[in-house]
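Have a go at each one before you read the solution.

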Amino acid sequence: MRALLAPGLVLLTACTSQPVVTNPFAKLADVAAQRQLETTILRDMDAESACVHVTGVLMDLECSISELNSDLGLVSATSTLRVIEPVNFIAASRWRQTCLGNAITVSVKETSGDSVAVRATFDHPDPDAEQTFRTLLRRSVTRQMEEAQ
Amino acid sequence: MRPTTSILGLAAWFVVSACMYANVASGAEFIPVDGAAEQLQSRRYETGDPKQLLQASLAILQDIRYLVSESESEPGLLVAQPSWAGCRCTPQQLTISIAPVAGQTAGYQVRLSIGEAATNSSTDLQSSPVETDFYQDFFTHLDRELFRENQP
């Protein structure tokens with residue numbers, strides 16, 4: 001009788017239980033504050049150039065880019081990590097580790113005064129990963145400016 | 001382990017698998033959308049800039065941590081999935097389309113559809129309170145976003 005109990009319970013649970021359905025909007029708290037944390041303002045730049053920088057940074061972070069729409073200002077990517085590390089990457093190994101496994105959506109939007117707002121959202125919100133992205137983005141812009149001079 | 005227990009365990013595993021498959025498969029059935037469902041999924045906006053609607057929709061998808069897998073500016077289309085794989089507790093695919101309203105020069109219709117329902121059975125697609133809330137919340141956030149963007 002006891003032997004029947006465990007499979008019986010498993011069977012009953014699997015066939016009768018419904019997964020808890022949640023509405024992702026219910027979990028949203030202070031959207032404005034969260035957006036501000038995720039956004040980097042780049043001055044003297046248009047959306048298309050910003051998308052190029054974003055793509056470069058995501059590639060440095062070993063991300064595979066799944067969608068790019070520069071007209072809309074959108075880059076989607078998923079972070080993976082290769083076993084053999086390529087040389088001459090700006091992103092140090094530890095930085096790539098911080099973003100590992102994340103799905104990243106970046107939106108680029110032109111704001112007033114020749115600036116763009118770059119917002120990067122990570123599916124596993126992590127301050128280190130977000131900071132890494134911002135640092136690399138600023139480095140990429142700075143490097144381009146230095147090369148142009 | 002006694003043979004009876006092993007056989008019972010194996011049988012239970014088969015039945016559990018079958019139940020899980022049945023739950024997944026039921027979501028793939030085709031249910032034609034009626035007028036009421038379309039009304040629930042759609043809103044009209046008086047704007048001459050469909051890109052603004054797309055960008056506002058994108059911002060909301062980012063808020064709820066969905067990953068955009070497809071996008072088209074002309075005609076307006078966004079397809080997104082939750083990136084946390086394996087969780088079947090939220091809509092598994094969102095499609096947002098933006099199309100001009102016939103007969104209006106500055107009117108666009110935004111339509112949101114849930115690819116794979118947030119519920120176990122597709123039969124309650126139009127009656128699930130969670131889905132109704134989801135549509136309403138999406139458009140509430142879209143209204144807010146557009147209002148925010150139009151502020152000087």
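**Exercise 1: two helices**

α3(B) and α4(B) sit oblique to each other. Keep in mind that this is a predicted model.

Task: work out why α3(B) and α4(B) count as oblique to each other.

Solution. Start with the axes: those of α3 (residues 50–63) and α4 (residues 129–149) of chain B cross at roughly 120° and come within 9 Å. Next, the cut-offs: roughly perpendicular covers 65 to 115 degrees and roughly antiparallel begins over 145. The crossing angle is roughly 120°, so the pair is oblique. As for handedness, α3(B) passes α4(B) in a right-handed crossing.

Task: which residues of α3(B) meet α4(B)?

Solution. On the α3(B) side, look for Gln52(B), Leu53(B), Ala56(B), Ser57(B), Ala59(B) and Ile60(B). Their partners in α4(B) include Phe138(B), His141(B) and Leu142(B). Sorted by type, the residues of this contact give 7 nonpolar, 3 polar and 2 charged.

**Exercise 2: aromatic rings**

Task: how are the rings of Phe25(A) and Phe134(B) arranged?

Solution. Across all chains, the search turns up 4 aromatic pairs. In this one the ring centres are 5.2 Å apart and the planes are at 55°, so we call it tilted. Phe25(A) is in the loop between α1 and α2 of chain A, while Phe134(B) is in helix α4 of chain B, so the pair joins two chains.

Task: is Phe25(A) buried or exposed?

Solution. Buried means under 20% relative accessible area. Phe25(A) has 4%, so it counts as buried. Phe134(B), with 1%, is buried too.

Technical notes: Residues are numbered from 1 along each chain as its sequence is written. Chains are lettered from A and ligands numbered from 1 in the order in which they are written. This is a predicted model: local features need pLDDT of at least 70, side-chain atom pairs count only at pLDDT 80 or more; totals for chains, interfaces and linings use all residues. Side-chain values use heavy atoms; hydrogens and water are left out. Axes are lines fitted to C-alpha atoms, for helices over the stretch in contact, and angles run from 0 to 180 degrees between N-to-C directions. Helices (H or I, at least four residues) and strands (E, at least two) are DSSP runs, numbered from the N terminus. Angles under 35 degrees count as roughly parallel, over 145 as roughly antiparallel, 65 to 115 as roughly perpendicular and the rest as oblique. A crossing is left-handed if the near helix is turned anticlockwise from the far one by less than a right angle, and right-handed if clockwise. Contact means heavy atoms within 4.5 Å. Ala, Val, Leu, Ile, Met, Phe, Trp, Tyr, Cys and Pro count as nonpolar, Asp, Glu, Lys and Arg as charged, and the others, Gly among them, as polar. Rings of Phe, Tyr and Trp (its six-membered ring) pair if their centres lie within 6.5 Å; planes under 30 degrees apart count as stacked, over 60 as edge-to-face and the rest as tilted. Buried means under 20% relative accessible area, exposed over 50%, partly exposed in between (1.4 Å probe, protein chains only).
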